[in-house]
Number of protein chains: 2
Amino acid sequence: LDYQHVQVPFEITLWIMLASLAKIGFHLYNKLPSVVPESCLLIFVGLIMGGIIYGLNDKSPPVMDSDIFFLYLLPPIVLDAGYFMPSRPFFENIGTILLYAVVGTIWNVFGIGFSLYGICQVKAFRLQDVSLLHNLLFGSLIAAVDPVAVLAVFEEIHVNEKLHILVFGESLLNDAVTVVLYKLFRSFCEMPTIKSVDVFAGVGKFFVVGLGGVLVGLTFGMTAAFTTRFTKDIRVIEPLFVFLYSYLSYLTAEMFHLSGIVAIIACAMGMKRYVEANISLKSHTTVKYFMKMWSSVSDTLIFIFLGVSTIGENHEWNWPYICFTVIFCLIWRALGVLVLTFFVNRFHVNTITSKDQFIIAYGGLRGAICFSLVFLLPDFHRKKLFIAATTVVILFTVFVQGMTIRPLVDLLAVKRKRESAPTVGEQIHIRFLDHLLAGIEDISGHWGQYYWKDKLEYFNSKYLQKILLREYDQPKSSIVLLYEKLERKHAIELAEAGQLGHAPSHPSLLRSGFLCSNDRSVITDKKLEDTLNPDVLENIQEILARNLYRIRRTGPAYNRHTLPGETEPVEHAKEILILRHKSL
Amino acid sequence: LDYQHVQVPFEITLWIMLASLAKIGFHLYNKLPSVVPESCLLIFVGLIMGGIIYGLNDKSPPVMDSDIFFLYLLPPIVLDAGYFMPSRPFFENIGTILLYAVVGTIWNVFGIGFSLYGICQVKAFRLQDVSLLHNLLFGSLIAAVDPVAVLAVFEEIHVNEKLHILVFGESLLNDAVTVVLYKLFRSFCEMPTIKSVDVFAGVGKFFVVGLGGVLVGLTFGMTAAFTTRFTKDIRVIEPLFVFLYSYLSYLTAEMFHLSGIVAIIACAMGMKRYVEANISLKSHTTVKYFMKMWSSVSDTLIFIFLGVSTIGENHEWNWPYICFTVIFCLIWRALGVLVLTFFVNRFHVNTITSKDQFIIAYGGLRGAICFSLVFLLPDFHRKKLFIAATTVVILFTVFVQGMTIRPLVDLLAVKRKRESAPTVGEQIHIRFLDHLLAGIEDISGHWGQYYWKDKLEYFNSKYLQKILLREYDQPKSSIVLLYEKLERKHAIELAEAGQLGHAPSHPSLLRSGFLCSNDRSVITDKKLEDTLNPDVLENIQEILARNLYRIRRTGPAYNRHTLPGETEPVEHAKEILILRHKSL
């Protein structure tokens with residue numbers, strides 16, 4: 001027996017196997033998943049495993065290595081999140097998400113830090129040796145909402161799309177803030193004196209870390225798209241590039257102390273549409289499937305390790321500090337959401353209801369990121385207290401909040417996600433309105449989201465697509481793609497029902513006579529097939545595009561001082577220019 | 001900049017990226033792949049990389065770590081080979097393959113070892129200090145044909161299926177022999193005296209290592225099939241089990257010093273049909289795609305590393321020894337193939353032609369397995385000579401033989417692989433003949449391959465399928481599965497040609513009126529659709545099964561002493577029994 005030789009891959013494989021089997025076992029009984037979230041059960045499995053290891057070895061089981069977590073377990077989950085991010089609701093609410101992620105996180109960090117410092121002043125608790133900086137450092141790691149935990153719970157409760165993207169988007173983008181604050185306070189802890197210039201440098205870092213991450217991500221995303229232009233003869237390694245480039249973007253960002261999470265999300269969102277157009281259908285299935293599989297396994301492993309790491313003797317149980325941490329986490333988050341939403345609602349027509357606000361505050365789950373960060377702390381005499389407090393906060397949020405959020409959503413009758421995907425009619429309508437609003441914004445000189453979206457789309461079709469797509473002369477609109485997808489699905493269904501055998505298969509027949517001869521016997525499905533013939537669609541699009549752009553180009557801008565049809569095109573341009581200058 | 005933190009995953013990702021980009025670059029120019037095999041070009045890229053590293057660092061570039069090779073790079077390739085192994089030609093030629101793999105390899109090991117020992121006795125070459133045992137040890141590692149190199153070259157030259165499986169099967173199965181002989185001679189080298197009992201123990205080990213590998217592989221394969229029975233609710237992790245269990249089988253076999261290659265092949269071949277039936281279509285696409293992708297990347301990395309490792313100062317250039325090694329490798333292999341094929345051809349109707357024999361001998365490429373084994377040798381003063389000789393043999397076989405084999409195949413007009421897949425008619429015919437031959441063998445009391453195949457099929461449908469398949473009450477024959485696959489492909493083609501939009505999509509319509517109304521306008525494709533209606537197929541199968549088994553059950557066995565219709569069924573049974581006893 002030569003165990004040492006194969007130990008590393010053998011144990012890794014066994015852990016993954018355990019995680020997968022736990023997942024299967026969990027889904028074997030249909031009632032279980034509807035009551036307990038999967039994350040809770042996996043932590044529970046981990047606790048049992050940890051207990052067994054502890055019992056057998058009589059020493060603390062190994063804790064989850066922070067390096068393993070940040071380098072190997074987190075990236076697949078974030079990549080999956082970024083690749084399947086619903087881009088429309090994300091960009092529609094980007095302002096609100098950023099407000100929650102940046103201002104909300106800073107609010108929580110300082111709120112929790114200062115109030116815990118207050119608690120430390122109470123002599124009865126014996127915590128006077130915990131300095132303000134240490135409390136702020138602890139605040140910075142405990143304040144961040146965890147994307148893995150949020151995703152695990154919110155995927156099961158099916159709240160409406162806007163609510164989901166607000167909580168989930170915040171949990172992803174607050175990484176930049178957390179990284180900066182955590183590193184700032186950590187370096188402050190080690191400095192003898194703190195100058196005001198250091199504080200200002202810290203503020204400047206926010207932008208560097210966040211925007212730098214976006215830049216790194218987009219660079220790698222575009223390179224990935226460009227690379228897949230050349231894989232036509234060697235389809236089999238296409239899926240690889242999606243994974244390699246996004247992982248490289250994460251590692252590069254981490255290497256330069258930028259936000260890896262932000263980078264990988266930017267990379268995934270940036271490359272998605274080009275890669276999808278370049279690679280084959282089977283490659284794409286593989287990419288999607290493998291991404292889901294990988295993130296699902298990572299997710300499972302994280303929760304199991306979280307459970308295993310909880311067992312042991314790494315903790316200092318100072319209960320007042322721990323309990324106040326939990327309470328302050330809840331209070332400051334609730335206050336933060338209330339105050340920020342008040343401002344958000346003043347500027348938006350489509351406001352966030354008080355029910356939604358409650359779920360946003362209540363859905364602020366903490367998870368493995370806090371846990372890894374607390375283990376990365378430099379050694380000092382109260383580290384074990386921080387570890388204990390973090391563990392309790394995570395278990396409290398995942399178990400208590402995670403398990404009660406579903407009944408609460410039911411009780412409050414929070415608006416749910418619509419079950420069915422939008423119909424093609426709706427999609428055409430939405431597209432039409434986008435064009436219309438872009439035109440209106442342009443005319444009125446307001447530089448809103450539709451204006452930017454339109455500009456981006458123009459830039460994309462004019463330059464990016466030509467560089468990044470293999471067959472850029474025939475760019476397909478998303479509606480045409482949807483139609484093709486529906487067709488393919490329908491065809492497979494037909495084939496599986498065994499109905500297709502009666503149609504002729506000679507390609508020549510199809511091209512010439514079959515269409516005419518078959519038309520007689522076709523019973524048309526009014527809802528879809530008729531309206532969505534590719535020719536008809538192209539027609540619609542052409543009409544839409546031509547007419548909408550014509551309005552922008554030649555239509556009169558509404559103005560108090562002019563009458564319709566009065567001004568010349570040149571005059572328009574001037575007017576729009578003046579309006580723009582004003583709005584600047 | 002914090003490079004150390006991300007170094008390991010960053011460098012791995014970069015190496016994989018380099019490999020993938022080299023592959024893309026290689027396929028960008030269509031003429032290149034038709035002249036030079038990919039493996040040669042990749043080694044060349046590796047040589048350049050190694051040269052750059054050598055030039056920059058002024059020390060030898062890192063050699064390929066044997067552990068990394070055996071634990072991480074080899075398994076994906078072997079898994080891919082096992083999973084896509086054409087089982088019919090493999091089992092039809094299993095006897096010949098085993099003869100080549102076991103007897104042929106032993107022949108080569110001792111032939112090369114003893115003749116090199118003879119060379120060492122020539123005083124002018126200054127090799128007197130290389131003992132017989134060391135020569136045999138070297139022979140054991142240089143004799144084994146390498147599956148990675150064989151696959152890389154033979155996949156490009158498209159020889160006929162039998163020739164391909166003979167060379168490729170040999171290269172896979174000789175692993176058991178190589179492992180045993182290599183370890184045997186290695187331990188002999190370290191022993192002070194060798195007893196005859198050790199030699200006999202070595203012979204016994206052949207069977208343990210080979211059959212143990214098969215057993216481990218089949219155990220894990222069946223467990224994998226059983227596990228996929230329960231993944232219905234959680235499709236996304238299905239592909240994972242295929243990889244996890246096969247990798248575990250490899251690691252377990254290696255742990256017990258059995259043949260990992262044999263284990264992973266047995267696992268892959270064993271689980272394939274059950275897993276395919278259990279998992280969803282998309283999961284299966286992912287499995288296939290990812291396996292191909294993974295093995296392709298591994299393959300690329302191996303050849304690049306081979307090139308990189310060649311550069312450096314690990315070599316002792318004793319040219320007589322090196323040249324004679326190359327010559328003996330060629331001579332002994334050619335002799336071995338000639339002698340073994342002489343015996344094989346005496347027992348087979350379908351003989352191996354002399355052209356085929358030449359290609360089998362010439363296709364005995366050496367590769368990364370030899371290279372890894374030579375680095376695993378214990379340190380002794382002539383290790384660098386062995387490394388140099390191995391490097392030259394590998395480069396010679398891959399470059400000279402690999403590049404000239406295609407022109408030789410053209411020149412000799414070796415029978416090529418048929419371009420098209422067998423038609424459905426042929427497949428039905430083959431199946432029919434299988435049944436027929438099984439019946440004939442049973443009646444004649446000859447326990448040939450068809451008899452065993454039939455028994456295995458019976459055991460499979462009676463017991464295994466019930467345990468391992470989720471929906472075991474409706475086992476589908478391979479013809480029905482093929483039909484479904486064709487239908488699906490056809491449907492997708494139709495959809496992509498935009499012809500399907502004219503068919504009704506209401507499921508209710510399909511089920512009731514559509515069939516009748518459409519029948520009028522159908523122009524039938526006589527070749528496929530008509531004959532292969534599922535009902536018709538089932539009919540065919542039922543008739544085949546009932547009649548063939550009836551022949552076996554009630555038909556009269558031909559016998560010199562009886563006339564047709566004379567004997568009773570009970571008599572038959574007796575007669576068959578007697579015949580069987582005789583054949584035993």
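This is a predicted model: local features need pLDDT of at least 70, side-chain atom pairs count only at pLDDT 80 or more; totals for chains, interfaces and linings use all residues.

Author: Residues are numbered from 1 along each chain as its sequence is written, chains are lettered from A and ligands numbered from 1 in the order written, and side-chain values use heavy atoms, with hydrogens and water left out.

Reader: Where are the domains of chain A?

Author: Domain bounds come from an automatic or database domain assignment. Here, chain A is divided into domain 1 (64-298 + 315-385) and domain 2 (423-485), and their C-alpha centres lie 30 Å apart.

Reader: How many residues of domain 1 of chain A are in contact with domain 2 of chain A?

Author: Contact means heavy atoms within 4.5 Å. By that rule, 17 residues of domain 1 of chain A are in contact with 14 residues of domain 2 of chain A.

Reader: What area do domain 1 of chain A and domain 2 of chain A bury between them?

Author: Buried area is the accessible area (1.4 Å probe) that two parts lose on being put together, summed over both. The two domains of chain A bury about 1200 Å² between them, 43% of it on carbon and sulfur atoms. On the domain 1 side, A:Arg88, A:Arg229 and A:Tyr274 lose the most area to domain 2 of chain A, together 47% of what that side buries.

Reader: How many salt bridges are counted between domain 1 of chain A and domain 2 of chain A?

Author: A salt bridge is a side-chain nitrogen of Lys or Arg within 4 Å of a carboxyl oxygen of Asp or Glu, and the count between these two domains of chain A is zero.
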